[in-house]
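Keep the structure open beside you as you read.

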Amino acid sequence: MSKITFSAPDLSATEILRNANKNAVSDIIILESTDSTNIFAKKLTADGALHNTVVIANTQTAGHGRYGRSFFSPSDTGLYMSIVQKPDSISIPPSLLTIAAGVAVCRTVSRFCPETPQIKWVNDIFLNKRKVCGILAEAGSSSQGLDYIIAGIGLNVSTKSENFPKELKEVAGSITTQTSRSCLAADIINELDILTTQTGTKELIDEYKSLSLVLGKEVTFCKNGTEYEGIASDINLEGSLVVTLRDKTLLTVRSGEISLGSLNFI
Ligand code: BTN
């Protein structure tokens, strides 16, 4: 283990390692501050970072989500974590890592919080109608093919609603728990390791579907420049959303973003 540079009473490498399953962490780095743990982890892969290298920051100055959006990452009250995944070391398709990370976070949140989390396809986790977690999986390839995927997880643990910036006040929230960030991190790491090495694709998708906030609901989305409206009817084994349009045509949405009533943002 190397480069442990930060610890707080509720966030320390020692506690995470004490709670992590064997082989679920190969190396752990905890930083007081970095631009983005995904960017930091990406740099580590250039130096040969192993599968299950974990990078956590107490705060991020340029935490980001999909479409280059910023991810609000205040000090002390969130878990900002990136886990390096090597395609050869996982048994699920790498394209399902966002889905696996979403299920891992929901298992942890359900274990340590009184409320039930739900996932807005594909990468947002909601609790009490507020987004409490975002997931960003970023892949890197070389001439040999896919080299690594970084599973980036940003969980609002105890950020108070008055401390979110104005544009997030009505939409973002935090989980309710007395559990330390170390325990939450170790539990998510353990669940992700189980889901990526011991769980079949169908089992993973079935659990993801059971956590879905969108299935059976009316959604709108844009595909190839056209706007569509329909009912989210399934999530297939590739993790794509299947939408039944008004005329009963089925449309498969592989990536992008859907809008669902008022939950269509961040
Ligand atoms: C989203 O909301 O679209 C995804 C947000 C992902 C945020 C996490 S925080 C840890 C890691 N570092 C980043 O810069 N992003 C991810």
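Why is strand 1 (residues 27-34) largely enclosed by the rest of the structure? Six of its eight residues are buried, so strand 1 is largely enclosed. Here buried means under 20% relative accessible area, exposed means over 50%, and partly exposed lies in between, using a 1.4 Å probe and protein chains only.

A word on the ground rules: this is a predicted model, so local features need pLDDT of at least 70 and side-chain atom pairs count only at pLDDT 80 or more, while totals for chains, interfaces and linings use all residues. Residues are numbered from 1 along each chain as its sequence is written, and side-chain values use heavy atoms, with hydrogens and water left out.

**The chain as a whole**

The secondary structure comes to five helices and 12 strands. These are DSSP runs numbered from the N terminus, with helices (H or I) of at least four residues and strands (E) of at least two. Of the 266 residues, 54% count as buried. The C-alpha trace spans about 60 × 50 × 30 Å along its principal axes. The radius of gyration is 18 Å, which agrees with the value near 18 Å for a compact globule of 266 residues. That radius is taken over C-alpha atoms, and the globule rule is 2.2 Å times the number of residues to the power 0.38.

**Strands and their partners**

Two strands pair if DSSP finds at least two bridges between them. Strand 1 runs parallel to strand 2 (residues 53-60), joined by seven bridges, and Ile 29 stands opposite Val 55.

Strand 5 (residues 124-127) has both of its faces covered: Asp 124 and Phe 126 are buried on one side, Ile 125 and Leu 127 on the other. Strand 5 pairs antiparallel with strand 4 (residues 118-120) over three bridges, and a hairpin of three residues connects the two. On the other hand, four bridges join strand 5 to strand 6 (residues 130-142), also in the antiparallel sense. Phe 126 is a handy landmark, as it stands opposite Gln 118 in strand 4 and has Lys 131 as its bridge partner in strand 6. In the hairpin between strands 5 and 6, with two residues between the strands, Asn 128 takes a positive phi near 50 degrees.

Elsewhere, an open sheet of five strands has the order 11-10-9-8-12, with antiparallel pairing. Its edge strands, strand 11 (250-253) and strand 12 (258-259), each pair on one side only.

**Around the ligand**

| Residue | Protein atom | Ligand atom | Distance |
|---|---|---|---|
| Gln 60 | polar side-chain atom | nitrogen | 2.9 Å |
| His 64 | polar backbone atom | nitrogen | 2.7 Å |
| Arg 66 | backbone N or O atom | oxygen | 3.0 Å |

The protein covers 97% of the 420 Å² of accessible area that the ligand has on its own, by the Shrake-Rupley method with a 1.4 Å probe.

Notes: A polar contact is a pair of N or O atoms within 3.5 Å; within protein, one must be able to donate a hydrogen and the other to accept it, and residues adjacent in sequence count only if both atoms are side-chain atoms.
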